Amino acid sequence: MIARLRSWQESLQAFMHPRVLTMLVFGIMAGLPLLLIFSTLSLWLGEVGIAKSEITYFSWAALGYSFKFVWAPLVDVMPLPLLTRWLGRRRAWLLLAQCMVMGSIIFMAMVDPAQNSLVWMGVAAVCLGFSSATQDIVTDAYRIESANAELQAMMSASYIAGYRIGMLLAGGGALFLASYFGTSIEHYNFEAWQLTYWAMASLFLVGILTTLIIDEPKQQQASALINRRHHVRFFITFLLAVSAFICSFALTADLTALAKQKLALLLSNAQLVSVFIELIRLVFAGVAAALVALLMTQIKFIDKQSVTHSYIAPIQDFFTRYGWSLAWLLLALVGLYRISDIVLGVVANPLYQSLGFTKNEIATVVKTFGVFMTIFGAFYGGVLVLRYGVMPILMLGAVLSAITNLLFMLLVQSGHDITMLYVVITADNLSGGLANAAFIAFLSSLTNISFTAVQYAIFSSLMTLIPKVLGGYSGSMVESIGFENFFLMTALMGLPVLLLIALARKRFNLTHPQ
C-alpha cells in the first residue's frame, strides 16, 4: 500500500515536471491548426454558399501532414541563420514554425470567400498545412530529445491531452466565437469569421512565449549534414524538387481535364475517373520531384551520403527487418487503416448544416462532447491494448469504425434530431478513439529506435495520404449518390482493412508491444 501511494505521488509530481507542462502547451499548438483548415473552414465556406464539391477540395490543404516526411530530414539537421545560434537547433525551428502558423491563420482571416477568389483561401490553407506539419516534426524531435525514457510516457500523455484541447478550441471554441460575433447560415458576416481566426492566431503567442522560455534539449542526434555549404545545397535541392512537383501539377492540368472528360464518357462514372486520374497525377508529380533530387545527386550538387542517411537508410532498415512481402503488407495497412473515418469526416460538417443543426449545437455535441468521447475511447483502447495486445484491438477498432459509419445513415433519416446526433457522435468518437490508440501503438512498434523520427514521419504521413486524396472528392460523391449511399460506401471501404489486419496478424506478433 505504501509503495502504491508513493507511486501515485511520483506520478502526480511527474505531471508537474516542466518538460511535461511544456508538451501540454505544444500539444495545444499542434491541435489548433488542423480544424481551421478542415471542419471549421468548411462551415465558414458553407455559410457563404460554396458548393460541397468545392468545400471538400480544401481538405487537400492538409496534405502537408501526409508529405512531411519529405522535408523532415531537412528540418532535423539544417540550422537557421541567426535563430539557431540564438536559440539552438530545435527551438529555432519551433519559433519559425509557430510564426509561420500564426501568419498563415492571419492570412486566412484576411480573405473573404464571398468577395475574393477561393484560390487565395486555398493558398492560405496550404501555407497553414505546411507550417503546421513542420511544427509537428520539430515538436516530435523536441519531445524525444528533451527527456529520458522514464518521462516519455508522461510527456506523450500530456501532448495528446493538449492536442485534444487545441482541437476543442479550434472546433467548438471557434464556432462559439463566430456565432457570438454575429454570423449564421441565414446572415453571413465576414467580420465575425475574421475576428474568430484572429483570435485563434493570437493563441500562438502562448506557444511562442513558451519556446523562448524553455531550454534547448541537451541530447540531440548528430547532424547528417556536415557544413553550411551542404545545408544550403540541400535546401536548394528541396526547393527545386518542390518546384518540379508544383510545375508538374500545373502543366498537366489541361491534359488531366481532357482525360477525365474522355474516360468519364467511356466508363460512365465521373467520380471514379476523377479519383483515378488525380492519383496518377499525384504519382507523376512525385516522380518528377524525385528525378530532380536524383539529378542533383548525380551531378554531385549535394552529398550522396547525406541523402542516403536521411532518406534511404530508414527505408532500407524497415524492409530489411520485415522482408519485402510483410513490409508491403504492413505499409498497405498503415495507408488504409483510417480511410473510412477520414473520408467520412470531410463531409460531416456539411451534413450537420444540411440537417439544420446550428453552429452552437455542432460546437456543443460534435466539437465539445465528441472530443471528450474521443479521449475516453483512447484511454479505454489503451487499457485494452495492454490487456489483449495490439492486433486484436486493431481489428476491433476497424470493425467498430466501419459499423459506426452506418449510424450516419440513421442520422440522415432522422433529420434534425439532437438525441440521435448525441448517439451517433458517442459511438463514432468512442470507436475512433479506441482505434487510434491501437493504431498509434502499432505504428510505434514498427519503428527502429535508430530512425525513430524519420520512420514515424513516413508512417504518419502515409496513414493520411490516400484517405485525404479521396476525401477531396467526397463532396462530389455526396452530390452524385447522396449522403446515405456515401456513408454506406465509407463503411464498405473498411472491409479491405479487415483482410489486411487478418493477414498481418498471422505473420506479425505484437501481443506485447514495447
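Ring pairs and salt bridges in a predicted model

Me: At 19% relative accessibility, does E216 count as buried or exposed?
Reply: The structure is a predicted model. Buried means under 20% relative accessible area. E216 has 19% relative accessibility, so E216 counts as buried.

Me: With which residue does R91 form a salt bridge?
Reply: R91 has 11% relative accessibility and counts as buried. The closest N and O atoms of the bridge are 3.9 Å apart, and a salt bridge requires them within 4 Å. R91 lies in helix 7, and its partner sits in the loop between helix 11 and helix 12, 125 residues apart. That partner is E216.

Me: How many residues apart in sequence are the parts that W44 and Y197 tie together?
Reply: W44 and Y197 form a tilted aromatic pair, 5.0 Å centre to centre with 55° between the planes. W44 lies in helix 3 and Y197 in helix 10, so the pair ties together parts that are separated in sequence by 153 residues.

Me: Is the pair of F483 and F487 stacked or edge-to-face?
Reply: Both residues lie in helix 23, 4 residues apart. Planes under 30 degrees apart count as stacked. The planes of F483 and F487 are at 20°, with ring centres 6.0 Å apart, so the pair is stacked.

Me: By how many helical turns are R321 and D317 separated?
Reply: R321 forms a salt bridge with D317, with the closest N and O atoms 3.0 Å apart. R321 counts as partly exposed at 34%, whereas D317 counts as buried at 14%. Because they are 4 residues apart in helix 15, their separation is about one helical turn.

Conventions
Residues numbered from 1 in each chain as written. Predicted model: local features only at pLDDT ≥ 70, side-chain atom pairs only at ≥ 80, totals over all residues. Heavy atoms only, no water. Phe/Tyr/Trp six-rings, centres within 6.5 Å; stacked < 30°, edge-to-face > 60°. Helix = DSSP H or I, 4+ residues; strand = E, 2+ residues; numbered from the N terminus. Salt bridge = Lys/Arg side-chain N within 4 Å of Asp/Glu carboxyl O. Buried < 20%, exposed > 50% of the residue type's maximum accessible area, 1.4 Å probe, protein only.
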